[in-house]
Amino acid sequence: CHPTSVQLAWPGVVGLLETHGQKWLEIVDVNDVFCQALEGKLEIWLGTDKAELEMAAFCSWDWHAKKSFYNINFICGKHIEKYMKLGLQKIEQYACFRGGTEVVLGGSRFGWVKKLESLGYAQRTVELRKNVKVCWSN
């Protein structure tokens with residue numbers, strides 16, 4: 001996204017995050033998201049219908065010597081399913097044209113596994129997490 005585009009769309013994006021992205025806002029700071037988008041570290045994809053902003057996807061790159069991955073970090077909004085097929089096709093084409101190896105969609109919405117299987121997505125990894133906020137206990 002061009003910085004000017006980010007700035008123009010940002011008020012609507014913040015509105016979507018505040019109404020549909022509360023879980024992500026428990027993790028990220030909205031000002032950091034804005035700065036990362038301006039710097040090109042985070043890319044924002046928008047879904048609109050009749051000039052109304054309905055959804056936003058936040059993506060980033062993991063560049064490596066032999067393979068590169070385009071990560072869909074978070075999606076929020078209303079009527080997300082309406083944008084899934086065409087939106088993912090556009091994201092996949094973009095990632096391919098930029099030299100990406102895979103598009104990676106992670107998160108905690110297990111219902112997406114079933115919805116995205118028909119679009120060629122497969123669950124191939126397991127993510128294990130451990131809370132280390134408390135270093136030790138007696």
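Which residues lie nearest the centre of the second largest pocket? In this predicted model, Leu46, Met55, Tyr83, Leu86 and Gly87 hold that position among the 15 residues that line the pocket. The volume of the second largest pocket is about 230 Å³. Two or more lining residues are given by each of the elements β1 (43–49), β2 (52–63) and α4 (80–97). Of these elements, α4 provides the largest share of the lining, with nine residues. Classified by residue type, the lining of the second largest pocket consists of 11 nonpolar, two polar and two charged residues.

Strand β3, spanning residues 68–77, and strand β4, spanning residues 102–105, run parallel and are joined by four bridges. Within this pairing, Asn71 has Val104 of β4 as its bridge partner.

With regard to the overall architecture, the protein contains five helices and four strands. Their order along the sequence is α-α-α-β-β-β-α-β-α. Among the 138 residues of the protein, 30% count as buried. Of the contacts with a separation of 6 or more, 53% are accounted for by residues 24 or more positions apart.

Conventions. Residues are numbered from 1 along each chain as its sequence is written. This is a predicted model: local features need pLDDT of at least 70, side-chain atom pairs count only at pLDDT 80 or more; totals for chains, interfaces and linings use all residues. Side-chain values use heavy atoms; hydrogens and water are left out. On a 1 Å grid over the protein atoms alone, a cavity is a set of points where a 1.4 Å probe fits but cannot get out, and a pocket is an open set with protein on both sides within 12 Å along at least five of seven lines; lining residues have an atom within 4 Å of a point. Grid points are joined across faces, edges and corners, and a volume is the space filled by probe spheres set on the points. Ala, Val, Leu, Ile, Met, Phe, Trp, Tyr, Cys and Pro count as nonpolar, Asp, Glu, Lys and Arg as charged, and the others, Gly among them, as polar. Two strands pair if DSSP finds at least two bridges between them. Buried means under 20% relative accessible area, exposed over 50%, partly exposed in between (1.4 Å probe, protein chains only). Contact means heavy atoms within 4.5 Å.
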